[in-house]
Amino acid sequence: MREKILALIMIGLAFNSYSQKKMDFTLTGKTNDIPNNALIYLVDFDNRLLIDTARVENNFFVFKKKLPRSPIRIMLSEKGKQNSKIFWLENSLIIFDASKTDFKNASIIGSETEDLSIILKKRLEATEYRNIDRIK
């Protein structure tokens, strides 16, 4: 069962990556209680490389550029803060919504890869719990 789920996700990732190679991504962020001109960092999580920075204005920020690859697992964080969010970014219009929460619990809208990742994680957790019940 796990192999089938992983195979479907890999096919989806490959198709998504192939179909969107030439596009730029746009990441629009909503925050709360972050002062104007605060820096937000966009980091390639796997390679620990800075991709870009953006300044917060009225609790909004925007990143728009080409990604080194797509999809890519990134970390978004505020300069000097421990608050961060790791998620999948791809060449599309993506919304980061932390308007009613902190970075770690922000909603990500528009990333199909992130949506698939969340579904896979929930299914794997459910499978692990069922297997634990069988052992007892």
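Buried means under 20% relative accessible area, exposed means over 50%, and partly exposed lies in between (1.4 Å probe, protein chains only). The model is predicted: local features need pLDDT of at least 70, side-chain atom pairs count only at pLDDT 80 or more, and totals for chains, interfaces and linings use all residues. Residues are numbered from 1 along each chain as its sequence is written, and side-chain values use heavy atoms, with hydrogens and water left out.

**Exercise 1. The overall layout**

Task: State how many helices and strands the protein has and in which pattern they follow each other.

Solution. Step 1: helices (H or I, at least four residues) and strands (E, at least two) are taken as DSSP runs, numbered from the N terminus. Step 2: the count is two helices and eight strands. Step 3: along the sequence they give the pattern α-β-β-β-β-β-β-β-β-α. Step 4: of the 136 residues, 35% are buried.

**Exercise 2. Strand 2 and its partners**

Task: Find which strands pair with strand 2, and in which sense.

Solution. Step 1: two strands pair if DSSP finds at least two bridges between them. Step 2: strand 2 and strand 3 run antiparallel and are joined by six bridges; in this pairing Ile 40 stands opposite Ala 54 of strand 3. Step 3: strand 2 also pairs with strand 5, again in the antiparallel sense, over five bridges, and here Leu 42 faces Leu 76 of strand 5 as its opposite residue. Step 4: strand 2 is mostly covered, with five of its six residues buried.

**Exercise 3. The salt bridges**

Task: List the salt bridges in the whole structure and say where the partners of each lie.

Solution. Step 1: a salt bridge is a side-chain nitrogen of Lys or Arg within 4 Å of a carboxyl oxygen of Asp or Glu. A search of the whole structure gives three.

Step 1: Lys 66 and Asp 24 form one, at 3.1 Å from N to O. Lys 66 is in the loop between strand 4 (60–65) and strand 5 (72–78), while Asp 24 is in the loop between helix 1 (2–19) and strand 1 (25–30), so the pair links distant parts of the chain, 42 residues apart. Lys 66 is exposed at 52% relative accessibility; Asp 24 is partly exposed at 33%.

Step 2: Asp 44 and Arg 69 form another, at 3.0 Å from N to O. Asp 44 is buried, with a relative accessible area of 3%, whereas Arg 69 is partly exposed at 34%.

Step 3: Asp 46 and Arg 73 form a salt bridge with their closest N and O atoms 2.4 Å apart. Asp 46 sits in the loop between strand 2 and strand 3 (49–55) and Arg 73 in strand 5, and the two are 27 residues apart. Both count as partly exposed, Asp 46 at 40% relative accessibility and Arg 73 at 29%.

**Exercise 4. A buried lysine**

Task: Say which side chain of opposite charge is nearest to Lys 85, and what the lysine side chain reaches.

Solution. Step 1: Lys 85 is placed in strand 6 (residues 84–89). Step 2: for charge, Lys and Arg count as positive and Asp and Glu as negative; His and the chain ends are not counted. Lys 85 is buried and has no salt bridge, and the nearest side chain of opposite charge is Glu 114, 5.2 Å away. Step 3: the side chain reaches the backbone oxygen of Lys 104 at 3.4 Å, and a polar atom of the side chain lies 3.2 Å from the backbone oxygen of Ala 106. Step 4: contact means heavy atoms within 4.5 Å. Leaving aside neighbours within four places in sequence, the contacts of Lys 85 include Ile 74, Leu 76, Phe 96 and Phe 103.

**Exercise 5. Backbone exceptions**

Task: Locate the cis peptide bond and the residues with a positive phi.

Solution. Step 1: most residues other than glycine have a negative phi, and most peptide bonds are trans. Step 2: the bond between Ser 70 and Pro 71 is cis, with omega about 0°, and Pro 71 is in the loop between strand 4 and strand 5. Step 3: Arg 48 has a positive phi near 55°. The hairpin of strand 2 and strand 3, with four residues between the strands, holds this arginine, which is exposed at 56% relative accessibility. Step 4: Asn 59 has a positive phi of about 65°. Asn 59 lies in the loop between strand 3 and strand 4 and is partly exposed, with a relative accessible area of 23%.

Definitions and conventions. Polar contact = N/O pair within 3.5 Å; in protein donor to acceptor, adjacent residues only side chain to side chain.
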